[in-house]
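Good morning, colleagues. Please look at the sequence and the structure on the screen while I speak.

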Amino acid sequence: MLILNLSFNWVFIAYVAAWTIPAFLGFRDGRKFGLLPRRPEFDWDLAKELLAFSFPPLMLTGILDYVLGWTDSLMLGYYFGPDKVGLYNGGAAPIARALPVVLNSLGFVFMPMATVLFTGRDLKGLKRLYQSTTKWGGFILTFPAFLLLFAFPGGDNKPVLRTKIH
């Protein structure tokens, strides 16, 4: 937008188009390939039941996620002031939030595969899948990064966990 010397309104238009055009194309292709029904049916009773069942837990989860996401910054601000909050949010917090990325990504792969194995009653395969997922995701990929960040929190190549030998 800066290269073309366009106004800020074009940023908004581009954002809306980037969401609208793929949604429209996906809907069109879904109908073309028979994935979506030609005439959709809507059951109000089922909709009410699903909303009553899922809304409270989803709302509570969203609120708790929001509160837990800001608790560390609010507590630092209360006890130490805005300069420490700025350092924390600029350095430590993004690194700490990046650690579970591998685990979350493997969770998206694990769930469909586990569902297939469970519905096929392959409990041994499910156990192997769980063991390999936790081994690769939790131990081999995430744990070394955690140890590195835990041992060298200042970034000055001096380990904090030193022992004195007398």
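Directly after helix α1, G34 adopts a positive phi of about 80°. Helices here are DSSP runs of H or I with at least four residues, numbered from the N terminus. This is a predicted model, in which local features need pLDDT of at least 70, side-chain atom pairs count only at pLDDT 80 or more, and totals for chains, interfaces and linings use all residues. Residues are numbered from 1 along each chain as its sequence is written, and side-chain values use heavy atoms, with hydrogens and water left out.

Let us consider helix α1 itself. The 24 residues of α1, residues 9-32, should span 34 Å at 1.5 Å a residue, the expected span being 1.5 Å times one less than the number of residues. The C-alpha atoms at its ends are 34 Å apart, which agrees.

I turn now to the salt bridges. How many does the structure hold? There are two, each defined by a side-chain nitrogen of Lys or Arg within 4 Å of a carboxyl oxygen of Asp or Glu. In one, the side chains of R28 and D29 meet at 3.3 Å, N to O. R28 is partly exposed, at 44% relative accessible area; that term covers values between buried, under 20%, and exposed, over 50%, with a 1.4 Å probe and protein chains only. D29 is also partly exposed, at 26%.

The side chains of R97 and D72 form a salt bridge at 3.9 Å, N to O. R97 lies in helix α3 (residues 82-98) and D72 in helix α2 (residues 44-79), so this pair ties together parts 25 residues apart in sequence.

Conventions:
Helix = DSSP H or I, 4+ residues; strand = E, 2+ residues; numbered from the N terminus.
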